[in-house]
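Morning, everyone. Please look at the structure on the screen while I talk. I'll start with strands and end with chains.

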Amino acid sequence: MPVIELSMTGRPKSGRVVGIDLGTTNSLVAFSAADGPRVIRDDRGEALVPSIVYYDEEMKRLLIGEEARDRLITEPRRAIYSVKRFMGKGADDVQEDLKLVPFRIAADSQRVIRFQMGNRVFTPPEISAFILRQLKERASSYLGEEVVQAVITTPAYFNDAQRQATKDAGHLAGLDVLRIVNEPTAASLAYGLDKKKEGFIAVYDLGGGTFDISILKLKDGIFEVLATGGDTHLGGDDIDNRLISLVVDEIDRRTGRRIESDVAVFQSVRREVIRVKHELSSSENARIAVEPLQYEREISRTELEALMEELIERTITPCKQALKDAGLSADQIDEVVLVGGSTRIPLVRRRVEEIFKRIPHTELNPDEVVALGAAVQADILSGGSRDLLLLDVTPLSLGIETMGGVVAKIINRNSTIPASASEMFTTWVDNQTGIDIHVLQGEREMAADCRSLAKFTLKGISAQPAGLPRIEVKFLIDANGILTVGARDVRTGQEQSVEVKPSYGLSDEQIEKMLLDSLEFAEEDIKKRQLIEARNEASTVLAASEKALAQRAAELIGDEEQQSIRDAAEALKQALSAEDHRLIRERTAHLDSVSRHLAELIMDNAVLSALKDRKAEEVIGD
Amino acid sequence: MEQTLERGRCPNCGAVASSHFCSDCKRIQPVRSNVDYFEFLELPRLLAIDEAALEKTFYSLSRALHPDYFMGASDEERQASLARSSILNDAYRTLRDPIRRVQYLLKLEGYKEAEKRAPADLLEEVFELNMQIEELKNAKKAGDEQEAQEARESLEEALTGLKQRLAGIDDTIFSLFSQWDAAIAAENGSGKTVLDDISELLSNRSYIRSLIREIEEEF
């Protein structure tokens with residue numbers, strides 16, 4: 001007796017939500033399977049997609065990930081890497097970074113960086129969108145359904161503009177970004193899946209470009225972040241840069257010329273030192289060899305450690321501050337979790353052990369743990385699991401500029417999000433109809449030392465004597481760590497219109513324009529596909545018509561008809577050498593129609609001869 | 001305790017709703033007016049709080065109200081979840097910390113934000129301290145390291161004294177918590193004098209804190 005299957009009940013199968021770790025060096029995607037989160041690998045078993053995007057001279061060939069990596073050396077000015085370092089930044093913020101990368105930015109990069117690639121420019125969210133689209137496709141083809149919804153991670157210490165830029169990237173990639181999750185908290189979700197786990201944990205996350213430290217309290221399945229700190233400009237890239245200058249200086253001294261200006265050589269050196277850095281995490285010694293320059297050198301782990309010691313020390317102050325903010329001492333921390341590729345470095349592990357007096361957890365692959373955690377959060381958001389709940393915090397204080405450029409803090413750092421604050425505003429002069437509010441993020445006293453987020457203008461205030469209007473402005477940091485502002489006239493209760501001028505990042509109009517542009521790209525893709533399909537069909541019809549002409553049945557039609565078939569075939573061949581899929585289809589259809597009569601005759605003939613054979617068989621059979 | 005602030009009709013089914021969720025249709029309710037944090041966290045307006053119980057309430061309300069659980073809900077419900085979650089977090093942050101808690105209670109009871117005011121018996125000391133800070137500044141400017149070191153040492157001593165005084169003020173404030181709670185229970189109107197005392201102590205506290213910060217910045 002078959003057992004009745006009950007497994008079909010439950011939630012209707014709606015779109016799946018994936019978790020994406022959009023990293024400085026590598027990116028990857030994971031999803032929640034029945035037995036827990038799982039990363040999605042390519043055919044070769046590779047989970048990581050290098051965060052590198054390449055566009056060729058004619059802007060026709062787009063390469064992403066592994067394929068783009070080779071171009072770093074052959075065409076360094078067209079291959080963009082470490083784009084995460086440029087997210088939510090303006091030209092003034094990135095001058096130092098630009099000295100170390102071969103690509104260039106266009107003028108007009110004050111509010112948002114614009115990378116110059118040939119005669120086109122791309123902003124960091126657009127470049128990131130290419131990577132996200134790649135991950136989206138990978139997930140869609142693996143899961144066998146179009147994936148539209150995603151959770152994307154960012155460093156915990158990312159500010160509002162950097163988070164918004166990440167969300168914009170998702171939007172441009174055709175993703176509905178359900179949530180921006182902090183990387184260290186995501187990692188803690190992956191580690192703390194066991195609901196019974198309780199206590200204080202510290203997540204130390206040193207990646208390719210950013211450093212985060214988060215202190216969490218785990219209780220009853222609630223992951224409550226107590227404090228977070230970090231440096232969005234500290235990671236493996238910085239170690240690479242120190243190694244690069246070591247090698248470049250030595251080569252320069254040996255050859256007496258400056259090779260730094262040669263971007264291809266620079267990239268060869270970069271690739272080699274990264275390899276050596278990795279090797280020195282497991283061996284005591286390694287050999288650096290840059291072949292085209294006949295450069296060779298032994299390097300010991302001790303030498304590398306001396307080079308990067310100061311960088312690793314820079315992670316210690318945020319750790320101590322986070323502990324202090326959490327109101328805990330190091331010995332109250334029950335567990336320490338390591339996240340990010342750079343935590344494979346033995347020196348990093350030693351220092352972390354010293355600060356927290358604990359052997360850190362390294363069971364999960366530090367490259368994959370963030371994506372796994374994002375998949376857990378994705379599952380929570382899609383209604384799959386209610387056991388776990390993440391309560392995260394805002395990493396930076398939110399303030400408004402007051403008289404004399406002093407910042408008045410309205411939401412303190414490490415406040416659990418969503419968090420809100422209300423402030424009352426009024427006018428300074430009679431009949432004033434607008435009020436400007438400058439919102440900033442950071443811990444410093446003066447506005448000039450904090451990060452400007454946006455200027456909000458309250459508009460359409462009715463003309464009244466100074467000080468009479470009472471406008472209540474509500475600042476709300478949502479669960480993504482992103483600010484929204486709303487205003488209300490207290491007297492009338494009416495919503496007050498607010499005009500937002502973000503200090504950094506893209507406006508909604510710019511995003512819309514980019515979406516249209518990306519549709520254009522999609523259109524190009526469609527055109528390409530149509531051309532391929534048209535050519536395939538044409539070849540089939542051509543082959544069939546040639547075969548038909550070669551058969552005896554062709555004699556049944558006149559020379560004239562045969563000639564018209566040949567003409568139609570010739571015309572189609574000509575169309576095939578061009579790239580107009582419409583013309584190909586048209587001529588394919590023409591050839592098909594002029595050869596139809598012949599095809600029918602051949603068919604009839606075949607039927608007739610089959611019948612004949614059959615009759616013969618029947619005769620024989622009788 | 002009065003429960004008048006948050007009352008209205010459920011926009012979904014029209015039932016009278018005075019909680020986070022409608023008692024009839026169970027939908028999350030929009031925030032209607034200015035919220036009282038004590039009410040929001042289901043607490044009486046008292047100052048002594050069972051912190052473990054408060055955490056428990058915070059966690060269970062988080063599980064009920066957090067936006068994570070309203071992703072597929074209507075726009076109105078998502079808005080309500082966001083608004084209620086942010087109030088929950090703000091309320092918990094405020095009431096969990098005893099100083100913030102009493103500051104908030106004073107505000108509810110109509111007190112203005114405590115201004116910085118030096119305790120009467122500290123005035124002389126403050127005069128002395130300001131001179132020492134000035135000396136340190138001048139010594140630093142003149143590059144006189146020995147002079148600066150001496151000034152630092154005497155300031156260091158004063159700093160320890162100030163920190164002790166601050167701890168003493170906190171203890172006094174906390175000891176007044178139970179007096180307020182008792183006055184509320186007795187309903188004899190004696191709470192007002194307790195709050196007056198606390199308000200004065202908070203002014204002193206804020207003065208000493210900024211003095212400490214000022215000295216530490218000079219070090």
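**A sheet and its neighbour**

Strand β23 (residues 435-441) and strand β24 (residues 451-459) of chain A run antiparallel, joined by seven bridges. A quick word on terms. Helices (H or I, at least four residues) and strands (E, at least two) are DSSP runs, numbered from the N terminus. Two strands pair if DSSP finds at least two bridges between them. In general, strands of a sheet pair through backbone hydrogen bonds, either parallel or antiparallel.

Now the ground rules. This is a predicted model: local features need pLDDT of at least 70, side-chain atom pairs count only at pLDDT 80 or more, and totals for chains, interfaces and linings use all residues. Residues are numbered from 1 along each chain as its sequence is written, while chains are lettered from A and ligands numbered from 1 in the order in which they are written.

Back to β24(A). Which residue stands opposite A:Arg451? A:Gln441 does. β24(A) also joins strand β27 (residues 495-502) of chain A, through six bridges and again antiparallel. There, A:Thr457 stands opposite A:Glu499.

Step back to the whole sheet. Eight strands of chain A form an open sheet, with antiparallel pairing. The order is β21-β20-β23-β24-β27-β26-β25-β22. Which strands sit at the edges? They are β21 (407-411) and β22 of chain A, and each pairs on one side only. Neighbouring strands are turned by 30° against each other on average, direction ignored. For angles, axes are lines fitted to C-alpha atoms, for helices over the stretch in contact, and values run from 0 to 180 degrees between N-to-C directions.

At one end, β20 (residues 398-401) pairs with β21(A) over four bridges, in the antiparallel sense. A:Glu401 has A:Val407 as its bridge partner.

What packs on this sheet? Helix α3 (residues 75-96) of chain B does, touching β22 and β25 (471-477) of chain A. The helix direction makes about 90° with that of β22(A).

That brings us to the two chains. 18 residues of chain A are in contact with 15 residues of chain B. Contact means C-beta atoms, placed from the backbone, within 7 Å. On chain A's side, α12 (369-381), β19 (389-391) and β22 (419-425) each supply at least two residues.

Last, chain A as a whole. Its secondary structure comes to 16 helices and 27 strands. Its C-alpha atoms fill a box of roughly 105 × 75 × 70 Å, along the principal axes.

Notes: Two residues are in contact if their C-beta atoms, placed from the backbone, lie within 7 Å.
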